[in-house]
Amino acid sequence: MINTEMPKHQINPNKWIDLYSDYLFNYTITRVRDRDTAQDLVQDTFFAGLKSMKNFKGEASERTWLISILKRKIIDHYRKINSKKGKAEVRVNFSSDSDNEGDWIEQRVADPFDKTAEDNLENKELGLAIHNCLGKLSEKQAQVFKMKTMLGYETDAICNELNITASNLWVIIHRARTTLASCLEENWF
Amino acid sequence: MSKKNNIFISCTEAAHTCNQSQYNEASLWKKIKLTIHLLYCKACRKYSKNNAKLTKVMNNSELEYLKTSEKDALKSNFEKELAKNN
């Protein structure tokens with residue numbers, strides 16, 4: 001049986017925010033185009049994940065599992081907007097029993113190698129390629145690089161917030177950029 | 001030759017200036033020294049090219065990240081919820 005050879009994934013909500021919040025947020029914002037809504041949806045996803053943790057069977061990775069919950073939240077979000085506008089609405093009854101939330105989802109996304117056709121498709125999106133490469137950086141490097149490059153903080157502001165010197169900062173930036181460039185070279189350029 | 005005003009810089013310094021210029025934080029004089037360095041240093045030319053490419057990709061990607069404060073808010077909400085569930 002193939003099933004017995006499937007790698008089992010563990011679930012540990014304590015690290016969710018650090019590990020996945022940026023990924024989920026970025027995934028959401030490309031689909032809803034509004035920061036506040038995206039934040040709410042991400043938060044809802046984490047809460048829903050927490051509630052249905054017992055349904056996690058470890059057949060998909062945590063991230064894939066959370067994304068599948070998030071997808072449903074996004075669909076729900078659009079359905080809500082749609083019905084507010086009084087437009088035609090398609091009702092699909094995913095699951096009325098909230099205890100089972102997360103159960104049906106995993107059956108659909110389960111993949112022993114954690115590399116579904118959809119994952120491959122997602123990887124083609126540049127943003128996610130970058131995200132995967134950011135995962136190769138150390139926590140500190142990723143943090144500094146994100147603040148500097150994506151959030152556009154001033155050098156001084158970052159130094160104050162993280163309590164490092166400017167030359168520390170540039171060394172970290174240098175290492176981050178070198179790693180990212182070679183990672184993207186392999187996977188994207 | 002005084003070390004400070006030497007127009008020939010090391011690869012380390014070239015890389016540093018190159019990084020700074022990705023964020024528009026390099027002075028004109030530094031950029032001139034970098035350009036001179038790139039004339040004769042193939043390795044740094046390659047680094048500089050990749051670095052510029054990375055900047056371009058990052059600008060095109062429209063990646064959005066949670067601000068530190070937003071993430072902290074999310075974290076504290078989540079921890080409350082986590083405590084409730086335990």
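Two residues are in contact here if their C-beta atoms, placed from the backbone, lie within 7 Å. By that criterion, and leaving aside neighbours within four places in sequence, A:Leu66 is in contact with A:Tyr20, A:Leu24, A:Thr45 and A:Gly49. The structure is a predicted model, in which local features need pLDDT of at least 70 and side-chain atom pairs count only at pLDDT 80 or more, while totals for chains, interfaces and linings use all residues. Residues are numbered from 1 along each chain as its sequence is written, and chains are lettered from A and ligands numbered from 1 in the order in which they are written.

Chain A contains nine helices and zero strands, where helices (H or I, at least four residues) and strands (E, at least two) are DSSP runs numbered from the N terminus. Among contacts in chain A between residues at least 6 apart in sequence, 70% join residues at least 24 apart. Of its 189 residues, 26% count as buried; a residue is buried if 20 or more other C-beta atoms lie within 10 Å of its own, exposed if 12 or fewer, and partly exposed in between.

A nonpolar core is a set of buried Ala, Val, Leu, Ile, Met, Phe, Trp, Tyr and Cys residues joined through C-beta atoms within 7 Å. The largest such core has 39 residues, and those with the most contacts inside it are A:Leu24, A:Phe25, A:Leu66, A:Leu70, A:Val144, A:Ala176 and A:Leu184. At least two residues each come from α1, α2, α3 (62–84), α6, α7 and α9 of chain A, with α1(A) giving the most, eight residues. Because domain 1 (1–124) and domain 2 (125–189) of chain A both give residues to this core, it lies between them; the domain bounds come from an automatic or database domain assignment. Apart from this core lies another, of six residues, among them B:Ala15, B:Cys18, B:Cys44 and B:Tyr47.

The loop between α6 and α7 of chain A holds A:Ser138. A:Ser138 is exposed, because 12 other C-beta atoms lie within 10 Å. Its C-alpha atom is separated by 8.5 Å from that of A:Ala176, 38 residues apart along the chain.

The contact between the chains takes 29 residues from chain A and 26 residues from chain B. On the side of chain A that touches chain B, two or more residues are given by each of α1 (16–32), α2 (35–51), α6 (126–134), α7 (139–150) and α9 (166–187). The most come from α9(A), with seven residues. The residues of this side divide into 17 nonpolar, eight polar and four charged; Ala, Val, Leu, Ile, Met, Phe, Trp, Tyr, Cys and Pro count as nonpolar, Asp, Glu, Lys and Arg as charged, and the others, Gly among them, as polar.
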